[in-house]
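Dear colleague,

Please read them with the model open beside you.

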Amino acid sequence: MNVVLKPEAEETIFEVSEFVDSVNTEGSGNRWIDKISTFLLSYARSNVQYVLCRDESLATEGLSCITFNGWIIAFKIEEGEFVVYQLIRGSILI
């Protein structure tokens, strides 16, 4: 199954990558992108049904949520694709 990033999710991933690069060694931002990409691919499976997010506003949009290192990843399975809508810092939703 393909992983598709909506513009908001893609922008967040690149912003976090730039931040990680700025506070760590050069290239660490790219390693972070590799890790989150691998994580997303591990969830992009056919014939799996995910529960909706616990956050009411995300659930009403029909989004499911998974977590990655303190980040909430809101997504849907649409037309055979794993579509990532948002990445939200977990502490914002608490």
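A residue is called buried when its relative accessible area is under 20%, exposed when it is over 50%, and partly exposed in between (1.4 Å probe, protein chains only). This is a predicted model, in which local features need pLDDT of at least 70 and side-chain atom pairs count only at pLDDT 80 or more, while totals for chains, interfaces and linings use all residues. Residues are numbered from 1 along each chain as its sequence is written, and side-chain values use heavy atoms, with hydrogens and water left out.

Rings of Phe, Tyr and Trp (its six-membered ring) pair if their centres lie within 6.5 Å, and planes under 30 degrees apart count as stacked, over 60 as edge-to-face and the rest as tilted. Searching the whole structure gives six aromatic pairs. One of these is the tilted pair of Phe39 and Tyr43, at 5.0 Å centre to centre with 50° between the planes; Phe39 is buried at 17% relative accessibility, whereas Tyr43 is partly exposed at 29%. Phe75 and Phe82 form a stacked pair, 4.4 Å centre to centre and with 20° between the planes, and Phe75 is buried at 1%, as is Phe82 at 0%. Ring pairs join Trp32, Phe39, Tyr43, Tyr50, Phe68, Phe75 and Phe82 into a cluster.

The structure also holds one disulfide, a term for a pair of cysteine sulfur atoms within 2.5 Å. Its partners are Cys53 and Cys65, with sulfur atoms 1.8 Å apart. Cys53 is buried at 6% relative accessibility, while Cys65 is partly exposed at 27%.
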